[in-house]
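Q: Hey, can you walk me through this one? I'd like to start with the charged pairs and then look at a helix.

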Amino acid sequence: LFLSSAKDVGAPPESVAEVHVNLGQICVRQKDPAGARGHFNEALESRELSVASVNLALLTLSEGQAAPKEKGGQGQMNLSNLEEAIAHCKRALAAKDGDARS
């Protein structure tokens, strides 16, 4: 409701992006990775925001973790998840989202 109202009144994309990042972080805490990924991607559609890219990298890494060997898993990171996380990190480093406060 808040996001649709914000868009209706012409809230700046920077503000909408930051709200999406915050909602994504709430989804992570609620163990909803799909919801988190959606909000982080929505943030990036509004604005190149390095924190959204970093959060996507961390989420991708957590999704790619195999169970440890002592718990019957292979104990290795999924390579495609690692490559995707690296791409998110590169995007974060390329973002020019600083402001006078940072």
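Predicted model: local features only at pLDDT ≥ 70, side-chain atom pairs only at ≥ 80, totals over all residues.

Q: Is Glu63 buried, exposed or partly exposed?

A: Glu63 is partly exposed, with a relative accessible area of 39%.

Q: And what about Arg37 and Glu84, how far apart are their closest N and O atoms?

A: Those closest N and O atoms are 3.2 Å apart, and Arg37 forms a salt bridge with Glu84. Arg37 is in helix 3 and Glu84 is in helix 5, so this pair ties together parts that are 47 residues apart in sequence. Salt bridges with shared partners join Arg37, Glu63 and Glu84 into one network.

Q: OK, how many salt bridges are there by this rule?

A: The count comes to four salt bridges. One of them is between Glu18 and Arg47, with closest N and O atoms 3.1 Å apart. Glu18 belongs to helix 2 (residues 13–29) and Arg47 to the loop between helix 3 and helix 4, so the pair ties together parts that are 29 residues apart in sequence.

Q: Arg47, buried or exposed?

A: Arg47 is buried, because its relative accessible area is 17% and buried means under 20%. Glu18, at 39% relative accessibility, counts as partly exposed.

Q: New topic: helix 5. Which of its residues are buried?

A: The buried residues of helix 5 are Asn81, Ala85, His88 and Ala92. They cover an arc of only 60° around the axis, which puts them on the same side of helix 5.

Q: Why would residues a few places apart point the same way?

A: An α-helix has 3.6 residues a turn, so residues three or four places apart point the same way.

Q: What do the buried residues of helix 5 pack against?

A: They pack against helix 3 (33–46) and helix 4 (50–64). On the other side of helix 5, the exposed residues are Leu79, Lys90, Leu93 and Ala94.

Q: Which residues make the nonpolar surface patch?

A: Met77, Leu79, Leu82 and Ile86 make a patch of about 340 Å². Ile86 lies in helix 5 and is partly exposed, with a relative accessible area of 42%.

Q: Last one: what should helix 5 span, at 1.5 Å a residue?

A: Its 16 residues (79–94) should span 22 Å, and the end C-alpha atoms of helix 5 are 23 Å apart, which agrees.

Technical notes. Residues numbered from 1 in each chain as written. Heavy atoms only, no water. Helix = DSSP H or I, 4+ residues; strand = E, 2+ residues; numbered from the N terminus. Expected span 1.5 Å × (residues − 1). Buried < 20%, exposed > 50% of the residue type's maximum accessible area, 1.4 Å probe, protein only. Arc of directions from axis to C-beta. Contact = heavy atoms within 4.5 Å. Patch = residues over 30% accessible without salt bridge, like charges linked within 9 Å, V, L, I, M, F, W, Y side chains within 5 Å. Areas by Shrake-Rupley, 256 points an atom, 1.4 Å probe, with all protein chains shown as cover. Salt bridge = Lys/Arg side-chain N within 4 Å of Asp/Glu carboxyl O.
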